[in-house]
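Biologist: I am new to this structure. Please show me how to read its main features, one at a time.

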Amino acid sequence: MNDNLLENLSLIQEKTKYYSDVVVRPFALGDSGKAGAIIFVNGLADRELIDQHILKALMSIHVDQASITKNYIKNQVLSVSQLTEASSIDEFIPKVLLGSTALVIDGFSEALVIGTAKVKSRNIEEPISEALVRGPRAGFNETLSDNTALLRRHGENASLAFMSIQVGERAKKDLIIAYIMDIADPDLVEEVRRRVLKIDIDNVMESGYVEQLIEDNYLSPFPQVQSTERPDRVIAALMEGRVAILLDGTPFALIAPVTFSMLLQSPEDYYERWMAGTLLRLLRFFAALISLLTPAMYVSFISFHPGLIPTKLAISIVGARVGVPFTSLVEALIMEVAIEILREAGLRLPKPIGPAMGIVGGLIIGEAAVQAGIVSPILVIVVAITAISSFAIPQYSAGISLRMLRFVPMFCAAAFGMYGVILFFLMLCAHVVKLKSFGVPYASPAVPYRLSDWKDFFFRMPMFMMKQRPEMLHTKNQKRKRN
Amino acid sequence: MKITFNRTKYLLIGLCTCSLLIQTGCWSKDEIEELSIYVGVALDQAKETKLEAKLGKLAVNANDRKLLSVTLQIVNKQSEEKGGNSAGDPATKAYLNVSETGDSIIDMIRQLSTRMERPAIGHHLKVIVINEQLARHKSMYQLLDFFLRDNDIRPNCVVMMSSGLAKHTLEAKGNSIVPAFRLMGMLENRYRTLKIMPRMTLYKLEKHMHAESSYMLQNVVAAEGEVKLSGAAVIKGKTQKFRGLLNEEELLGVILLSGEAEGGIIKCVNEKTNEMIAYELKAMNSEIYTSVDGDNVSFDVKMKSEGRIIEDWSENSGPIDDAYRAGVEQSVEREIMRLAKQGLDKIQKEYKADVVGFGTRLSIEQPKLWQKVKKNWDQAFSRIPITYSVELTITETGTEKSQ
């Protein structure tokens with residue numbers, strides 16, 4: 001850059017000829033006889049700010065040419081907080097493309113870059129994917145600064161640290177690793193940072209990209225990082241000594257490390273009294289088992305172990321199945337796949353049609369399939385229970401895992417009966433026990449056995465008993481209470 | 001996390017997986033509706049049904065010896081389904097009885113596969129009814145061997161005896177009844193009457209068989225599609241064959257002696273008023289006391305019972321006071337003694353079969369002596385003096401005529 005405005009402008013024009021949204025606005029600095037120009041991106045920069053505080057101020061200068069210096073402009077004319085200097089065009093163009101406004105003035109060899117970025121952010125609304133009856137009605141939105149603000153606003157906490165890293169080669173995005181300095185294990189923070197820094201991809205669309213690029217085992221059906229839209233959930237995790245990752249442009253924050261039991265927990269377990277919390281939690285563990293194994297149990301009972309069904313039930317099952325032309329596996333597969341299609345279709349449908357679709361699918365197809373003799377009514381019950389149970393799992397990603405997995409034991413059951421189901425379960429357990437999330441065993445505190453962590457596992461013990469942070473996280477400060 | 005696989009590791013994983021697959025699992029895949037579930041079995045003396053005779057004439061038969069007839073009660077799914085939907089009586093019976101005559105029970109059951117499209121499975125067998133004449137000649141060892149051996153059949157299947165044709169007990173008039181379930185349901189009524197004995201299941205029976213001890217089987221009689229539990233059949237320990245029947249009163253006496261009553265009515269004549277009075281037994285137990293003098297053994301049975309007066313036909317029995325109570329207690333006690341004597345006389349003197357469990361008591365208290373006598377216990381038992389007493393408490397007299 002030199003100090004000739006016209007040359008600079010033609011240079012800028014040359015550099016920005018492929019950016020049709022870049023606006024170059026020349027103007028005169030009041031009656032001083034000097035000329036300048038502002039460069040900004042239409043739509044990204046705050047027009048009102050530019051008009052009121054930049055253009056208006058600059059155009060109404062009433063001093064002579066000689067006294068217009070860079071410092072004068074900076075200190076006395078521009079009433080904006082964010083202001084930097086750039087000595088070359090290449091230096092300020094990237095900033096302009098993110099919403100800043102560059103100010104070039106005849107006779108200055110440096111441009112002033114004014115922070116005018118205005119992000120249109122969504123309001124803070126209740127998270128759709130994790131609705132609660134009791135608990136804050138706030139969810140993250142797509143703006144990183146709003147999200148970090150939500151975490152800050154939770155309470156005065158000088159040790160809440162945000163570590164900013166840019167990810168993505170072509171589209172650079174801000175990513176923040178949040179942790180609490182005097183709780184989180186420094187090794188864990190370092191490990192998260194190391195993994196995030198290793199992300200080598202041209203574009204990070206959503207935190208799901210980050211999740212998949214930093215997880216331990218890409219072959220596992222289970223999510224090894226928890227994603228959540230709820231600030232309260234993130235804060236609770238931070239306070240336990242976990243680390244959160246927030247990415248610009250998505251309301252989903254990531255929490256690491258995660259254990260299997262966390263996927264079956266809901267913030268409400270803690271907001272409600274401990275008895276209700278415990279019971280609901282047990283119920284969810286039960287629902288997880290049901291959603292995983294019921295269809296397989298059905299297949300193995302029907303095909304292999306008629307003796308294990310209570311006699312009267314066995315007789316009515318026989319009566320119900322007598323006209324069904326398929327084996328139990330085929331029958332179960334038909335209905336399970338049908339219900340998955342229904343669910344998928346229901347998700348994609350516009351909101352007003354969704355419930356209607358559910359009724360059509362659930363009631364009419366189920367009923368008609370029974371009437372037509374394609375499936376037995378018992379199976380419809382089995383499928384319905386399975387589907388409902390999988391909805392009871394509070395984490396969507398964990399729900400998907402179980403929905404996906406439940407087809408495997410069905411085949412095991414069709415091949416080997418109950419024995420196959422047990423084999424499947426053993427292998428699944430072996431996998432879960434071996435799996436780790438950021439160094440923390442996935443099945444903890446069951447394996448490895450840590451009795452003190454069981455207070456917040458199947459049961460949610462009363463608050464006064466949970467004086468310690470989870471042992472598995474090796475926190476710097478174990479105590480939750482002052483004494 | 002990088003998992004490094006080398007050949008040995010692959011081989012190991014492969015071998016482990018294969019070894020899991022060749023473990024004995026349940027390979028017998030059969031959809032449930034392709035099977036015939038039989039819930040009851042009746043064993044009778046050999047007598048071919050008309051249908052069997054006709055089929056026998058037409059078929060190229062490998063002459064089996066005709067030793068016994070087996071009747072299987074198979075639940076008929078079609079009608080069961082209809083029965084489930086409509087409240088009324090379905091058009092067809094809920095069950096199907098098929099009979100086969102031959103010499104081996106399992107062979108006869110398997111033979112049915114040549115007559116029916118669905119193989120019969122025994123997982124849900126509830127009751128085995130044995131004809132008394134058959135049990136007179138064939139021992140329980142022979143008759144029940146298959147049922148005890150087969151691992152499909154549950155050991156909690158109940159064994160009963162019928163003084164008539166056993167297969168008649170598996171017949172019902174109505175179309176909604178499955179007779180085997182009806183028999184099971186009737187056995188559940190023990191808390192209402194003293195005339196039903198505790199269920200004798202296959203595993204209890206097996207215990208008796210191996211100990212060569214005597215026992216009773218519930219007797220059931222049938223007529224015109226109705227059944228009645230009546231008395232009990234005594235099986236002798238040594239031979240495991242049917243020895244004789246106890247009538248309802250004798251059975252009652254034996255049940256009272258053994259203390260196995262759960263609840264029921266004892267009716268007697270009130271000695272003061274000469275009118276009928278009914279005592280409802282609520283709880284009872286009995287204890288056998290053994291006393292040994294040299295080689296002479298004697299037993300003393302102490303029966304204790306609590307209950308209430310549930311019916312009294314006397315018109316002017318006066319106030320319900322302690323005297324009234326004592327009078328009733330005495331009458332009922334006398335009646336229990338009478339019943340116990342009747343039952344004991346029958347089993348001790350006539351059948352010479354210890355079905356109450358004196359032997360078990362002796363073996364616990366005098367194991368050395370028991371070793372000497374156990375070989376010929378039933379004989380020895382018939383000569384042992386047994387005394388018994390009863391202690392009755394009337395805890396309530398009902399709401400009528402309260403003090």
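Biologist: What does chain B average in pLDDT?

Modeller: pLDDT is the predictor's confidence in each residue, from 0 to 100. Chain B averages 86, and 91% of the residues score at least 70. This is a predicted model, in which local features need pLDDT of at least 70, side-chain atom pairs count only at pLDDT 80 or more, and totals for chains, interfaces and linings use all residues. Residues are numbered from 1 along each chain as its sequence is written, while chains are lettered from A and ligands numbered from 1 in the order in which they are written. The model scores are ipTM 0.81 and pTM 0.84.

Biologist: Over which residues of chain B does pLDDT stay under 50?

Modeller: Over residues 79-88. The model has 19 contacts for them beyond four places in sequence, a contact being two C-beta atoms, placed from the backbone, within 7 Å.

Biologist: Why is strand β7 of chain B largely enclosed?

Modeller: A residue is buried if 20 or more other C-beta atoms, placed from the backbone, lie within 10 Å of its own, exposed if 12 or fewer, and partly exposed in between. Strands (E, at least two residues) and helices (H or I, at least four) are DSSP runs numbered from the N terminus. In β7(B), residues 215-223, seven of the nine residues are buried, so the rest of the structure largely encloses this strand.

Biologist: How do β7(B) and β8(B) pair?

Modeller: Strands of a sheet pair through backbone hydrogen bonds, either parallel or antiparallel. Pairing here takes at least two DSSP bridges between two strands. β7(B) and β8(B), residues 226-235, are antiparallel over eight bridges, with A222(B) opposite V227(B). Two residues lie between the strands of this hairpin, where E224(B) has a positive phi near 50°. Strand β6(B), residues 158-162, runs parallel to β7(B), joined by three bridges; M161(B) has N219(B) as its bridge partner.

Biologist: At what angle do helices α6 and α8 of chain B cross?

Modeller: Axes are lines fitted to C-alpha atoms, for helices over the stretch in contact, and angles run from 0 to 180 degrees between N-to-C directions. The axes of α6(B), residues 140-149, and α8(B), residues 202-211, cross at roughly 135° and come within 11 Å. Angles under 35 degrees count as roughly parallel, over 145 as roughly antiparallel, 65 to 115 as roughly perpendicular and the rest as oblique. The two helices are therefore oblique to each other.

Biologist: Which residues meet there?

Modeller: M140(B), Y141(B), L144(B), F147(B) and L148(B) in α6(B) meet L202(B), L205(B), E206(B) and M209(B) in α8(B).
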